[in-house]
Amino acid sequence: MTESSIGKVYLVGAGPGDPDLLTIKAHRLLSSCDALVYDSLVPREVLALVPATAEQHFVGKRRGHHSVPQPSTNAVLVELAGRHRCVVRLKGGDPFLFGRGGEEAAHLERHGVAVEVVPGVTAGIAAPAYVGIPVTHRRAGSSVTFVTGHEEIDKARPSVDWRALARSSDGLVIYMGLHNLPHICEELIAGGLAPTTPAAAVQQGTVRGQRSVIADLAGLAAAVSEAELASPSIVVIGEVVNQRVESCAPEPAAVEMPIPLKQG
């Protein structure tokens, strides 16, 4: 592919949803790209920045919806780089945090395609912030762990050792954890985390549809179920939840996602 590749692929983080959280570099690339490959967790208002002449491909992955296999996405990126000078691969949050950006960067490099990562604001920090929860605090410990709660993406990958995490980190920020939340909470308690540990879940943080619940670890799964929270959601577990300052939380942006949440 080296000889035929004329373009460069930018792995761009779109942030958690609020368009105001886009980086200046992301905004510039979106406004001038020749081709766009984008995920489901990107609001239409961000997609509107892309020139009407740009070739666009949707490759989103969401539970309960048709998903484009990763090898197909990799192939699309290589093919587009052979025809366009500026290709933006737009990902919700940050490309290198549970976004498969590392896989795509390595694939492009192997095929002789120039690639550059453009970091974005991750939902694991932004969603808690939009309800006033800091993910670190001097009074709540000295460590925080970002972990995926969705263990069915790759059956060959080792399972998360929740019991070990209960003993090794002062705070947990869990992505894609709603589906397995009862199991996760049970395992953390079995690992030694107190059932009274503060916990929170934030649905669709930073944008319209944001809702949250706060409970103790033992009651979190039931509280989430009762509130009918849906994915995408971020779960925070640890004493940082008690350091919440509601008055500092920004207003969620009035934007729409390509795949709306199922309400009720």
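Analyst: Helices (H or I, at least four residues) and strands (E, at least two) are DSSP runs, numbered from the N terminus. The model is predicted, so local features need pLDDT of at least 70 and side-chain atom pairs 80 or more, while totals for chains, interfaces and linings use all residues. Numbering starts from 1 along each chain as its sequence is written, and side-chain values use heavy atoms, without hydrogens and water.

E228 is partly exposed, at 44% relative accessible area; buried means under 20%, exposed over 50% and partly exposed in between, with a 1.4 Å probe and protein chains only. The loop between α8 and β10 (233-238) also holds P232, and the peptide bond that leads from S231 to P232 is cis, its omega being near 5 degrees. Helix α8 itself is in contact (heavy atoms within 4.5 Å) with helix α7, for L217, A218, L220, A221 and V224 in α8 meet L181, P182, C185, L188 and I189 in α7.

A positive phi, about 55 degrees, is also found at F98, although F98 is not a glycine. This residue sits in the loop between β4 and α4 (101-110), and with a relative accessible area of 37% F98 is partly exposed. Through ring pairs, F98 belongs to a cluster with F146 and Y175.

That leads to the rings, where Phe, Tyr and Trp (its six-membered ring) pair if their centres lie within 6.5 Å, with planes under 30 degrees apart called stacked, over 60 edge-to-face and the rest tilted. Three aromatic pairs are counted by this rule. One of them joins Y38 and F58 in a tilted arrangement, at 5.4 Å centre to centre and 55 degrees between the planes. Y38 belongs to strand β2 (residues 35-38) and F58 to strand β3 (residues 55-58), so that this pair, 20 residues apart, links distant parts of the chain. Within the pair, Y38 is buried at a relative accessible area of 14%, whereas F58 is partly exposed at 35%. Another tilted pair is that of F146 and Y175, 6.4 Å centre to centre and with 55 degrees between the planes. Because F146 lies in strand β6 (residues 145-148) and Y175 in strand β7 (residues 171-175), the pair ties together parts 29 residues apart in sequence. F146 counts as partly exposed, at 29% relative accessibility, while Y175 counts as buried, at 8%.

In the loop between α1 and β2 lies D34, which is partly exposed, with a relative accessible area of 31%. D34 and V88 are 54 residues apart in sequence, yet 8.0 Å separates them in space, C-alpha to C-alpha. Leaving aside neighbours within four places in sequence, D34 is in contact with A54, E55, H84, R85 and C86.
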